[in-house]
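The structure is shown first.

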Amino acid sequence: MTKSGKLLASARLMEQNESLFRCPVCHGEIKIDDGKSLLCTNAHRFDLAKQGYVNMLTTPSKTKYDKRMFDGRKMMNEAAFFEPMLARLSEIIGRSLKPAEDKRIFLLDAGSGEGSHLMTLREMVSRQIQMDVLGVGIDISKEGVLMAAKNDSSNLWCVADLAKCPFADKSFNVILNILSPSNYSEFDRLLADDGVLIKVIPDSEYLKELRSVFYEQDDRREYSNEQTIQLFDRSFELLDQERIRYSVPLNPVELEHLVYMTPLSWSAAEEQVQQVLDHNLHEITCDFTILVGRKKNK
Ligand SMILES: [Zn+2]
């Protein structure tokens, strides 16, 4: 699709779903103006980018997420590294939604990065539940959202601050939060009363092969997600908690992408990264905990 085609397609999708949006500055309603920008009742304006996303940050942000990391994550998605976890999420979503509802399902990915998790999941879920699913991805990183929008026009993509989500109250049936920070008060505001929040966090053996090289003599080798689970449980009613663990075979090229995708390598020296690549690993362990919750106060 050409850039102007992308702009048109996402403007149309936004127009069909105008009522989802809320101005992040004044909380006013938003309309699509002339197919080119989102305009609130108090004249705050957010232009659509040519690639088909909208930047709704109220203050510019500097994030440490870089293109190499997002390229890595996209490649790992293509290598089916996350597929068993995403397939499980799709089942959980299908089970959580009430059958025979003749309406569109709104799925927010809070911290969507370069978008590949949401793209994969929206397809899996629509196939599974045979309902119309609209995916909305937000991330504070413009670099990530730009990559997402370039690759996909069937979901809505926004650069936004999780603390000031540009959406109306109770807009989403499902909020996904995959390996990404949370903002529970915003999740509570955005989730429909009968909606579910699904958060994925690493468990202790996640990437243990990399961890043992990067953190050779360091207590960060051991990872516990206990505090994260407690915080979730204080904010939402924890309905279900499950662990999913599997190994993925990797070739050297995939291993390199994996290394650059992971926060473990951000603070590592180049020689440590090289050391990992020289280690001749053939398999990497994935180990996640999936938390499913609903609102405490409805
Ligand atoms: Zn406004």
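## Packing of α9 and α10

In this predicted model, helices α9 and α10 cross in a right-handed sense. Helix α9 spans residues 252-261 and helix α10 residues 270-278, and their axes come within 10 Å of each other while crossing at roughly 145°.

On the α9 side the contact involves Leu255, Glu256, Val259 and Tyr260, which meet Glu270, Val273, Val276 and Leu277 of α10. Sorted by class, this contact between α9 and α10 comprises 6 nonpolar and 2 charged residues, with no polar ones.

Lys164 is found in the loop that runs between β7 (156-159) and β8 (172-178). With a relative accessible area of 38%, Lys164 counts as partly exposed, because that class lies between the 20% limit for buried and the 50% limit for exposed residues.

Once neighbours within four places in sequence are set aside, Lys164 is in contact with Pro24, Thr58 and Glu186.

Arg189 belongs to helix α6, which covers residues 184-190. Its relative accessible area is 15%, so Arg189 is classed as buried, the cut-off being under 20%.

A polar atom of the Arg189 side chain lies 2.8 Å from the backbone oxygen of Phe167. Not counting residues up to four places away in sequence, Arg189 touches Arg22, Cys165, Phe167, Ala168, Asp169 and Lys170.

Definitions and conventions: Residues numbered from 1 in each chain as written. Predicted model: local features only at pLDDT ≥ 70, side-chain atom pairs only at ≥ 80, totals over all residues. Heavy atoms only, no water. Axes fitted to C-alpha atoms, helices over the stretch in contact; angles between N-to-C directions. Helix = DSSP H or I, 4+ residues; strand = E, 2+ residues; numbered from the N terminus. Left-handed = near helix turned anticlockwise from the far one by under 90°. Contact = heavy atoms within 4.5 Å. Nonpolar A, V, L, I, M, F, W, Y, C, P; charged D, E, K, R; others polar. Buried < 20%, exposed > 50% of the residue type's maximum accessible area, 1.4 Å probe, protein only. Polar contact = N/O pair within 3.5 Å; in protein donor to acceptor, adjacent residues only side chain to side chain.
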